[in-house]
Each structure stands twice: as C-alpha cells, then as structure tokens.
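Please look at the sequence together with the three-dimensional model shown here, and keep both in view while reading the explanation.

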Amino acid sequence: MTDRTDSGADRSGSGVDRSGSGVDRSGSGVDRSGSGVDRRTVLGALAGAGSAAVAGCSGSDPDDAATGALDSDTLDDLAARFAPTLYFDAAEPWFPTDPRPYTVEEDGETVVDGFAAFDGYHERYDESAEPPAPTVFYNGVRYEDSPLAVVQFWMYSAFDQFTANFHWHDWEVLHIFVDLDSGDPQLYVASSHSRSVPNNEFLDPNPDAVPRILTELGSHSSTLSVNENPDQFQRVGEEGLLADITNTTIDTVEDLLGIPIAYGLPRDEGTRLPFVVPEYEGAPIYEHPDLPSVTAESLVDGALAIRSLDALRSPPTDLPLRETGIAFRHADREDSVAAETAEEVIGYDLVETAELEDISAFTGPQLSFEFAVPEAVEDAVAGHITTTGVPWEQPRYENPALDVSAGNHRSELAARYDAIAAGESFGEAATDEIDAVVARVTRATETDDAPDGEGLTTTAAVTESFVLIQSDPEAVPTFAGGVAVANGVPEGDHRLTVNGAGQAPHSETLTVAADVPVTTAGVDGEIPLVARENARKVAVDDADSDVDLTRNAIEDDFAGRIYDSAVDGSDAVYVHAGGAYTTEVRDADGEIGAYRVNPGAPGSDDGDGGDDGDGEGNAPIRIDRPETGAASLAGFVADVAEETRAEVAAAAAESGGDSDDDDNGGPDGSGGGPSNAVNGLERALAAAVEAAERAEERAREGDRGGTDRQLETVLDRIARIGERLAAARAGLPPGLANATGKRVEQATRRVEQAQNAGKL
C-alpha cells in the first residue's frame, strides 16, 4: 500500500526527493494507515413490451374478464384429476396440514393463532410420528364467456423459516389453467417467494401427467417438475430432458442471462442456502414458554442454519444440498413414481377452501433475526416476517391470471382466450407505473493473473443472497446462482443493499426512471460480494473538504469497475483485501478525482484482510478530504507509477539485476538482456513519477499552462513505459508484467481526464 500522507516522502530508488518538491498532498485526507470481474455482459439497458410483468400480482391489474364459480361436480373432477404430488426436502419440518384445529375466537372473529398452530402442529407430530392432518385445499373459477377455467391448490404450513424472512403460517398455491372444451391444461403457475420474484411456470403441460411440485425447504416456495427426473429441478432443457419451466419473461434479459427468469430451487441447482433461527422477545423462538412442544429440533436442521453472523467469516460451502424425503400424493390415487423416488409417500385429503372461508386472519407477533444484522436490514424486512394473508381475500383468488408472472405466458393466454387481457397492452400499462431492478450477485476472488494480493476476478456465487430495496418491505432472494429481480420499484432514488452469509454487505444508490422499464444495479448489472474475512472498508467523506461529492466508484486493476454509486457527500464500500484499486470521486460540478488504494502492495501494514474497522481487525481506509480536478488526478498517476516502480525494482533485485547502466551501455535500459530491460522499465516509471509530481505541483499553484505542459510530458513518459514493458516482460514475474500494463492504461486515462478537467 502506497503511503502519500507524508508530504516529504522520498520515493526511494526513483531518484526523486519529495522534500523539495513543494507538493503537499497531506491535505488530501488519504489515510493509508489502514489502508476480473470477468465482464460477463449479462445485463444491459433493457426494454420491451411486457417487461414490467416480471412478477405477477403487482401494480395495476390487467383488464381480464370477471370470473365466476365452477359448478361443484366440475370443480371436484378437476381437483381430483390435477391434484399434485408434492416432494419435500429430507429436512422439511412443516408439511401441508389443516389449520382449523388451531382456530380461536378473537373479538367475534375466527382466527388461526400462530402460537397455537406452531405448538399444536409439533405436539401432534411428536405424538403420531407422522405429519399431522395431511391436507391440500382447492378452489376453482371460470372466466365469464370463456372455456378457460382455473383450479387452485392451496397448501398451508404452520411456519415459514428462510434465510431472508420467516413468519407464522404459510400459504402456497399452484394454479392449473384448463380449457374446459378440450379438457387440456394450458399453464401451470407455482407460487414463489413474493410478488417481486417471478413464479415457476410451464406452458402446455402433458395432459396425462400428474402435476409435480418440488417444495423448497422451510419456505415452501414451489417449483415445478415436469420431466423424467421427478424430484430434481431442471431450469434449462438439456441431455434430452425438458426444462421444468417455460418462463422467458423479458427477451432481452433471457438472451443476456442465458437462463429463464424464475426463482427455481437453489439447493437443487448446486448453491448453498443457509437458514437463520427466528427470535422472539430476545430469545430463540423455541425457548418461548407458550411453545412447550417446539424445540430446536423442530426447526430446519441445525446443520443448515447459521447461529452467529460474527463467527461466519466466509460463505459456507459445506452445507448439504437438497435431498428428497417425504412425498405427498392425493389419498385417492396411487403414484408409483413417487413410491420409487421418495423415502416415504403419504396420502393427503383434498378439501375445498370454501370450508375455511369463515377464517378471517392468521395471526402472530413479529419475529426477529437471532443474530445482529444491520439496522436497515432488520427494518426493511420487518413487514415480511410477521404473518401471512388470508388466501380468499387476495385478488388472485378470484383472478388467478394475476399470478402469471412471465410475460410470454400472459401473451400466449391472451392470444388463446379473449378473457385474458393482451400481454402487450398489459405491459404498456404496467410500464407506466412499475419498474424492475435486476442484477447478478457474484463473488470477488483473487486472480492468478495478478501479483499475489493485487488483483481480482469474479466467479459464480456459492450461496444465495438477498436484496433489499429501501422502498420495498420485502427481501428479494437471489436465484440461479445469484440472479436478483425486484419488481414494482417506483420511480426515484433508492438504496439497494445486498447481504449474504459470510459476506460483507454491498450497498448502493440507484435511480429508477419512469421511462426505463428495467434498471440494472451494480456495474453492468453485476454486484460482486466479498467474504468477510477478506473485506476492507474504503470510506470517503467530504465533510472536511471543499468539494461536494455526488458519486463514488472503485476499479480493480484486473476486475475493472466493481462499484459505482451516487453518493451524498460520504460513502463506504467493502473491497477485497487482495485487490488493487482506483477510487474515483465526482463532485457536483462533474469534476473527477482519483486515489490509489492497494491494501496488499509491498510495504503496506497488512494485506491479509480484516473486518470493517470495529476494533477487531484493520481500521477502514479513509479518504477524509477528497479533492477533484487536475491536481488530484496527477497525484494519483504519481502514486500508481511509484507503486509500480517499487515493485519492479524489488523484482529486479530479487532476480539479481541492478539499477545501474545496462550491460550494453544504454543507461535507459534499451538494450541488453531481460535484467537490463527491467532496469529500463524502472527508470521509465521513475521519470513518469517525476513528471506527474510536477504536473500536480503546477496545478496546485494554479498554473494552467504549466500543468498542461507537464501533463503532455507525463503522457510521453507513460508511452515510454509501454515500450519498456514490452522489452522487460521476460524479466518480470508474469503477474507484475500484467499489472504494469493495466496500470499504464489506468494512468493514461487519468492524465487525459486531468487534461480535460475544468478545475486545477
């Protein structure tokens, strides 16, 4: 890490004595004492009709036809025919059951009490050693003047435990759209986590096959299974297998991501999904005196749970993936496939939801996370970790098409049935009021192409994360190895935060425009997270500065730009200790400043990571008095050139070279063997340092003409570095040679910005 806080610093070995230069950068406030992204262009500027229909049941309702009740015989026949088989994780504690045993009367209304349901369910489970009262409820509607009907299967669970949220009670639904004239199913829609996450849907399923649902552990989010692997989720068709969903959602996103947008089943797609333990009144929920039948073993298996965020220094990679346990089938129908696949098959009763409609609410107090989480996170999810709503009071109960979340599916239904509003008009209407935010969350790691501890790349996430948007009370879980889609984000500025187990949080400000249906978060739609054990905080604050900061960005030498956010004077970003960074700031006038941050550079106080500066590890790297303009940019070039010069000199010394005249008499290192070329490269770097320092000095003196002349000299000397690097590569470690080339590009760009700066 380069230390430039001392105005009299001697860049030893360069022959440049700073003590007489008159350049004082101590006022810049850069505190160094504490101090690729393989650009997958997976997302970009996205547009198109229907794009706002990323998730159903949100925003303006489409103008679908009204629905009416099916006659009882037709409804019963459809329910019996399409009653799904449900496959559960081997660790699942809460199976579909009947909530009626847990009803109580409160203020003249019938409600299902959370304590009674949670405790009573486990009391019955323990007594019988089998899931109590296995039940699936059904409802049906028919669109007026249309052959299109829908039979809905509603599954109730006594509790929901998930990484991003948890609550008393849980309702999930499967919609089967059926043509009454042909008798064929048209579309399956299986409910996902929330209105912001696209549902799992399949168009034109096999009319002779029993619908199958793969239920996510703890949360009961439903994934479809239509191919030959009955208990595995297949997002994309391959090796002769059908995909289990036919979502395309937004064509542009589909093309760029290469996968359908739908929640899926993370632990069946190879990524870990750690669970958390709910807390109530300051203690784990199983310790509450009103839950005598609930123990720690009643929750999701402790092997899958995180009990201490502070102790988790990196994303957990040893959590077990999904395994099938119990299957539920309709009690009046055998299912030989389930019998061959699951450990045990249990028959469930089919009961019409009309028998439940006297229940007015499912109640229970708000729960909390067991361990400490950032206050913003706790506040943001508070509205989503209480209870669930009553199905028969939800709009989708009467109009199931509201749950069709894939734009291609709504368009296809509209083409077949006049009762369904055209997808195009729905998309246009929704675009006026609804915007989506999309991103892919990845993992920042060190790259072998860089010097040790001085360069990053990004790889696929190993655990799922969750995204919180300030304006939305619901946490949005990622899926498919890190994809996040948040729908219904209103126009304006928003704070977006990403949290993941064992990872430092990411937070940024983004703007959602009214005329842009889809906004990408991160940089080019990518948000790299850093393992807590490798995280260093870089903080910038203009409180003591003469500039008003409006934007902050960070670039790694190898990964490129990994962070870019609007700011209001201050900002803090977690970066990987194994990266080498340029921090770019912009002020209210659009002027640019740059600072070098390299925790792992030779001579730094540490390069082995740390925490966020809370006293347990390394203090944050602070830029407390940021500057913009030519002086800041020239000073950055001097920093990065000196940092590189010192590393080249060290490499030359280690290889046995020296910095005197080369063997062929060329004092500039233009001839001779590799060691001479390395010496020449070091001299070229030293010359660039000297020229950049003079440019910075002229800028601070207010000498525009002198600054411009010196910047031209800097460009000439950077060009000479490029020439010397070509000759010196054979004598340098490959990583250092690569890094030098990257830094030459960075320095050139910053000099050009200094030349164009309106401010010295």
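This is a predicted model: local features need pLDDT of at least 70, side-chain atom pairs count only at pLDDT 80 or more; totals for chains, interfaces and linings use all residues.

Residues are numbered from 1 along each chain as its sequence is written, and side-chain values use heavy atoms, with hydrogens and water left out.

Asn139 lies in strand β6, residues 135-143 (strands are DSSP runs of E with at least two residues, helices runs of H or I with at least four, numbered from the N terminus). Asn139 is buried, with a relative accessible area of 10% (buried means under 20%, with a 1.4 Å probe and protein chains only). The side chain of Asn139 reaches the backbone oxygen of Tyr397 at 3.5 Å. Beyond its neighbours within four places in sequence, the residues in contact with Asn139 include Leu75, Trp154 and Thr353 (contact means heavy atoms within 4.5 Å).

Elsewhere, four strands form an open sheet in the order β33-β32-β35-β36, with antiparallel pairing (two strands pair if DSSP finds at least two bridges between them). Because β33 (560-566) and β36 (592-597) stand at the edges with a single partner strand each, one side of each is left without a neighbour in the sheet. Within this sheet, β32 (residues 549-556) and β35 (residues 581-587) pair in the antiparallel sense over seven bridges, and the bridge partner of Ala553 in β35 is Glu584.

Helix α9 (residues 630-654) packs on the sheet, touching β35 and β36, and helix α12 (residues 734-756) also packs on the sheet, touching β32, β33, β35 and β36.

Terms used
Buried means under 20% relative accessible area, exposed over 50%, partly exposed in between (1.4 Å probe, protein chains only). A polar contact is a pair of N or O atoms within 3.5 Å; within protein, one must be able to donate a hydrogen and the other to accept it, and residues adjacent in sequence count only if both atoms are side-chain atoms. Axes are lines fitted to C-alpha atoms, for helices over the stretch in contact, and angles run from 0 to 180 degrees between N-to-C directions.
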